[in-house]
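Work through the following exercises with the sequence and the model open. Each task is followed by a solution in steps.

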Amino acid sequence: MDFSSKLLENAVNEVSRLPGIGKRTALRLVLHLLKQPKDHTKFLSEALLHVRNDVKTCEKCHNISDTVLCNICQNTKRNPEIVCVVEDIRDVMAIESTSQFNGLYHVLGGKISPIEGIGPQNLQIESLVSKVEKGEVKELIFALSSTMEGDTTNFYIFKQIEKFDITTSTIARGISVGDELEYADEVTLGRSIVNRIPFSQSLKA
């Protein structure tokens with residue numbers, strides 16, 4: 001792809017670094033921005049800088065937040081004794097869109113994947129076990145994607161907490177095996193939360 005402007009080429013190269021965006025899509029986006037009033041581009045760049053520099057991680061659940069505790073953890077109407085374990089913020093958003101869950105979350109920040117060099121120590125597992133150990137949680141709902149990495153992570157956590165008096169469940173497999181949680185439709189995901197099953201039962205499946 002030949003560029004008449006080095007500045008245009010640099011902008012396209014940077015935008016194409018984003019996941020799922022190739023050079024042609026990046027070029028279309030950059031050209032679109034060039035046609036917009038300068039203020040629009042300024043607002044976009046400022047928003048990106050703010051989210052990069054000012055966004056925080058909730059001290060309690062590790063969700064992305066503007067404050068020390070996220071809005072979900074601050075909500076006194078939610079049940080703090082039921083915690084849904086998810087991979088990242090996209091899964092929190094997916095489950096929240098169902099309006100079927102009234103507990104809290106624990107965001108691991110990924111899944112155990114030896115191939116990618118991600119071990120238990122790289123995830124927020126220790127803080128989750130600590131919550132269980134302190135008796136803060138009565139039920140853990142495993143809501144990781146139905147992949148080998150997701151199942152491995154579920155099982156690892158289960159072995160860490162099985163000695164404690166706690167109920168463990170997993171979302172019903174209305175979610176197709178191998179599917180990522182964020183792509184499930186709201187009705188299917190909502191039913192999976194409501195019809196969750198004991199985790200030990202899922203090990204026999």
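**Exercise 1.** With which residue does Lys6 form a salt bridge, and how far apart are the closest N and O atoms?

The model is predicted, so to speak of local features a pLDDT of at least 70 is needed, side-chain atom pairs count only at pLDDT 80 or more, and totals for chains, interfaces and linings use all residues. Residues are numbered from 1 along each chain as its sequence is written, and side-chain values use heavy atoms, with hydrogens and water left out.

Step 1. Apply the criterion: a salt bridge is a side-chain nitrogen of Lys or Arg within 4 Å of a carboxyl oxygen of Asp or Glu.

Step 2. The partner of Lys6 is Glu9, with the closest N and O atoms 3.6 Å apart.

Step 3. Locate the pair. Lys6 and Glu9 both belong to helix 1 (residues 6-15) and are 3 residues apart, about one turn of the helix. Helices (H or I, at least four residues) and strands (E, at least two) are DSSP runs, numbered from the N terminus.

Step 4. Classify accessibility: buried means under 20% relative accessible area, exposed over 50%, and partly exposed in between (1.4 Å probe, protein chains only). Lys6, at 56%, is exposed, whereas Glu9, at 24%, is partly exposed.

**Exercise 2.** Find the salt bridge between Glu96 and Arg78 and state which parts of the chain the pair ties together.

Step 1. The N to O distance between the side chains of Glu96 and Arg78 is 2.8 Å, and they form a salt bridge.

Step 2. Glu96 is partly exposed at 27% relative accessibility; Arg78 is buried at 11%.

**Exercise 3.** How many salt bridges does the rule give, and what is the accessibility of Lys159 and of Glu162?

Step 1. The count comes to 6 salt bridges.

Step 2. One of them joins the side chains of Lys159 and Glu162, at 2.9 Å from N to O.

Step 3. Lys159 has a relative accessible area of 40% and is partly exposed. Glu162 is partly exposed too, at 42%.

**Exercise 4.** Search the structure for aromatic pairs and classify what is found.

Step 1. Rings of Phe, Tyr and Trp (its six-membered ring) pair if their centres lie within 6.5 Å; planes under 30 degrees apart count as stacked, over 60 as edge-to-face and the rest as tilted.

Step 2. The ring centres of Phe101 and Tyr105 are 5.2 Å apart and the planes stand at 65°, so the pair is edge-to-face.

Step 3. Phe101 and Tyr105 are both buried.

**Exercise 5.** Where are His62 and Ser99 found, and is each buried or exposed?

Step 1. His62 has a phi near 70°, a positive value in a residue other than glycine. His62 sits in the loop between strand 1 (56-57) and strand 2 (64-65), and is buried at 17% relative accessible area.

Step 2. Ser99, also not a glycine, has a positive phi of about 60°. Ser99 is placed in the loop between helix 5 (89-96) and strand 4 (103-107), and is exposed at 66% relative accessibility.
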